Structures are given as C-alpha cells and as structure tokens.
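Hi,

Here is the structure I said I would pass on.

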Amino acid sequence: MDEGTQRWIVTVSPARPIDDIVRELSARGLTDPQVLGEIGCILGSAESACVPGLRSVSGVLDVSPEVPVTAFQ
Amino acid sequence: MASYRITTTAEELLLDSIERGNETFATGRYICTYKENALEEGARELTSRGLKVADARDSADQAVDMASYGDADALVFPEIGAALISGEAFQERGLELGVESASDSPFATIEPEVFVFSEGAAADYLRGFRRAAEVIASDLSELPASGSEADLEPPEADVAVLGATWGLAACKASVSARTGRGISVAILDTGLDLRHPDFAGRSIVTRSFVGQPVQDLHSHGTHCTGTACGTKAPPGATPRYGIGYGTKIYIGKVLSNSGSSVSGSVLDGMNWAIANRCTVISLSLGGGGGPYAYYTAAGAAALKKGCLIVAAAGNNAGPTLAPANSPTIMSVASLDNTLRPSSFSNFGKVEIAAPGRDVFSSVPMPTRYGLKSGTSMATPHVAGCAALWAQTNVNLRGMALWKKLQATSRPLPFPPSRVGSGLVQAP
C-alpha cells in the first residue's frame, strides 16, 4: 500500500444498486473494492485525499477508516 | 477410607481426590436439587430415608460454616432449593444418581458435587497440591510420582458445588429442555480448536477472515464457543458449561491468533454470518469510538433478515464500546456470581446482562478447560440462550428475539445502564 493509502469502510444506501456505487467509487480512487452485499458495506483502499470524493458519490452514507479491534479479554 | 461428610473441608476433599488418582472433578459428595416448591417435602424425604438434615437457615445470614454442622448427613440450601449430601449417606441410604422420574418424588435431580475453581493464585495452589500428592504417593507407593499435568487442571482454590457452571445455573440454561437444535449460531472470534474432543461430531462450518487457519491458537474463541454451543455432557464430572449443545456452529475467525484485528474483518465475518442466515451472531470483541455507521448498518441488515447480533459491552469500566454501542446491536454487560455488575463491565448502552466473571468453558487442548472473565464471557451466555429461545418459536427471529430475551430476563436491582433489562434467562 502506498504511503498515505489506507483501508476504508464505505456504508451505502440500499436505494441505489451497489454495483453502480462501486463503479463510481473506483473511478474516484477506491481500489481493491470488496462488496459486503448482505450489510450494504464496501471495503477498499484509498488515499486520504480521495475521501471527500468518495463521500460525494450518490448512495454513499458514510466513509470511515478501518479501526483496530481486539478480543475483550 | 476417606470421609465425604458435610463437614469435610474442600481441601480435604481435593487432597483425597488427588490421592485416589481421580480424573474427574467429583468430590465424592452429591447435590440433590428439589423440584419447584418442594423444599419442605424434600427435607422430609431425606429425613424419612434416615438422613440427619441440617438447614442453612440455621446459620446467620445463611453464611454457612460447614464445620458447625457436626454429624449431619445433608445440608439444605433453601434459597436455591438444593441439598448437599454426604458420600456416606448417599451410599448407605439408597439414593441414586440421575433425574427422578417418579411424579411424587420431591427431587428433580441427584448429581455428583464437583470441584469448581476460581481465578487467582490457582496454578500455585495446584502445584502445592501436586507436591503434596507426590509426597503421599511416594509414601504409599501407590501413585506415580508425576501424574499428568492436565489431570490436575484447571486449578484453583475456591471449591464450590455444582453440576453445571454457575453461569448456566444463573441463566437457567442447565435446566432448560431446549437444545438449540436447528438453530445456527455464529461465533466471530479467534476461531475454534477444531480438534477439541468436546466438539467431536458437531456440525461446524468455518471461515477465516484474517489470513490464518481457523484453528484457534489464542483460546478466546474456543472459550466463547464452549459457552454458547458447547456439549451437554463433558466427560466425567466436569460441570456442564455449554448452552446450545444442539446448535449448528459457524466459526468465523475475525481475530488473529494474537486476539486482534480490524473492523473490516469483523464486518466481513458479519456479512458471512448473515448470508448464512445465522439466527444468532455473537461478538466478544470490539474497540473504541463509534457508534460506527457500518456496524449500525450491519446490525440493521441482520435484524431485517431474521438474525440477531449480540456484542460485548467491553471491559474497561467505561462507556460501551463498538460495535455494542450501535443501536441495532444488542449490548451485553457482565455479572459476578453475586449477580452484581462486574467491576470491569462497561456501562451506558446496555441491553442485557449475563454471567461474565470466572466462567468455566472449553479452551484449546491439551489444557481442555479453563476460566476466563469479561463481557466476552457474558455475551455467549446470551447467544446460547437466544438460540434456545429461537428453537421454541420460528417467529422469534431478529427484533422479536431481541425483545423476547429482554422481556424474559430476570430483573436486577441495578440501573439499566449497568444491567439493561436484567439477567438473561433460558426458556
């Protein structure tokens, strides 16, 4: 992954076909998109500078960076 | 000949157990559980069989000092509707193990009393006993001087009495007629020890989302799976620790063997579990921040598709963490065995509470069993009970199942921000 590129989670509306949203996100800098169709989310990588563009895509509800999780032990 | 009297101390019982080379957790005494409202009748029945019966109500605050009961054969605990019976009386008075089928019997079950261990200086304690046992063995020339380490674990000091773990008893899961049969439960965690003998023959579907084999090299996932879905009958007198022993198990490895990961992997696992229409999805993990839109979306999608995601509130005595802080995900707090909120348990957005301190369950071989504490341990109690409820009615799915769990929970005298609707109960 290039410097400045990180993993993002895009949450989308069910009102627009998810494949259409993925195409537009890819055009705006989201790479390696993985569609989680059951829950309306897309995982992918992008430079931080691309995020405003990703957020402007119709049907996108939220773009957040992946965060760490741990077992609650 | 060893003594298994009411007044025999836990240490004496444990030492005797080691001397005998006992490979189970049985103490040599027995627990008789009464049928509902059969307290007085049960005591009369024991007396009629020739047992000298003492009652915990004879002690101040029912804080029992066993030594004060002298030559009693049985000690009744009225608050829990059970009696402890000496090994001698059990043998001499014609009592039999198992479920009492006679409708006029005041007894529900008679089971072996077993050692129960708590966390703490456990290993040292057991090592001390091992040394003592080895000395005795050497003196008697009967026992091998070095027994299997695994035979003596898990180790601990506070010896109590149960045929099932305290958690299963508190949830009434140990007396439920339901098994979870036909219900799919997903455990999204560090994986499972797929060679653990307690899961032999079970229907298990696995998937890794972290680039490592599903085999659990951490132990957290195996412990959580044991509570939610573990066997009804572990070997010997090992207490029952699993709730939904008839469930179909989905193991999604979303945490690496170090016990950590990223939220994208967790979402990937949620998506898989929902795609497989797992009725219950259990998450004993999380992190700071939130509520996150993606977790909320995942929870909403789950509910819409008849699935319920339950998640641990977290263990840092602060506000509920993600993903449990999403409104579409059921947040679980931890209780101690006093049914008080555990000191570590997070608060704020809490829907329900469950046993989370000193929880006995499966861990990877060769250790096989162990104790853990945390909201991580409380969550699979809720997941297991949810599976039992789901078995009772095909309409109990998604939000209906959520509401049922809350409506049937046992109210507790603590704020909803600490315990939600109360202690989860099995059907």
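How many bridges join strand 5 of chain A to strand 12 of chain B, and do these strands run parallel or antiparallel? Two bridges join them, and the strands run antiparallel. Strand 5 covers residues 68-71 of chain A. One pairing you can look up on screen is A:T70, whose bridge partner in strand 12 of chain B is B:G286. Bear in mind as you click around that this is a predicted model.

That pairing belongs to an open sheet of three strands, in the order 10(B)-5(A)-12(B), with antiparallel pairing. The edges are strand 10 (260-262) and strand 12 (285-286) of chain B, and each of these pairs on one side only. As a reminder, strands of a sheet pair through backbone hydrogen bonds, either parallel or antiparallel.

Now for chain B as a whole. Chain B has eleven helices and 17 strands. Of its 427 residues, 57% are buried. Its accessible surface is about 16500 Å², and carbon and sulfur atoms account for 51% of that. If you take the contacts in chain B with a separation of 6 or more, 71% of them are between residues 24 or more positions apart.

B:C171 is in no disulfide: the nearest cysteine sulfur belongs to B:C385 and is 4.4 Å away, whereas a disulfide would need the two sulfur atoms within 2.5 Å. B:C171 counts as buried because its relative accessibility is 0%. A:C41 is buried as well, with a relative accessible area of 0%.

Last, a serine in chain A. A:S13 sits in the loop between strand 1 (5-12) and helix 1 (18-27). Is A:S13 buried or exposed? Its relative accessibility is 17%, so A:S13 counts as buried, the cut-off being under 20%. The A:S13 side chain reaches the backbone nitrogen of A:A15 at 2.9 Å. Leaving out residues up to four places away in sequence, A:S13 touches A:I21, A:G59 and A:L61.

Cheers

Conventions: Residues are numbered from 1 along each chain as its sequence is written. Chains are lettered from A and ligands numbered from 1 in the order in which they are written. This is a predicted model: local features need pLDDT of at least 70, side-chain atom pairs count only at pLDDT 80 or more; totals for chains, interfaces and linings use all residues. Side-chain values use heavy atoms; hydrogens and water are left out. Helices (H or I, at least four residues) and strands (E, at least two) are DSSP runs, numbered from the N terminus. Buried means under 20% relative accessible area, exposed over 50%, partly exposed in between (1.4 Å probe, protein chains only). A polar contact is a pair of N or O atoms within 3.5 Å; within protein, one must be able to donate a hydrogen and the other to accept it, and residues adjacent in sequence count only if both atoms are side-chain atoms. Contact means heavy atoms within 4.5 Å. Accessible areas come from the Shrake-Rupley method with a 1.4 Å probe; for residues, only the protein chains shown count as cover. Two strands pair if DSSP finds at least two bridges between them.
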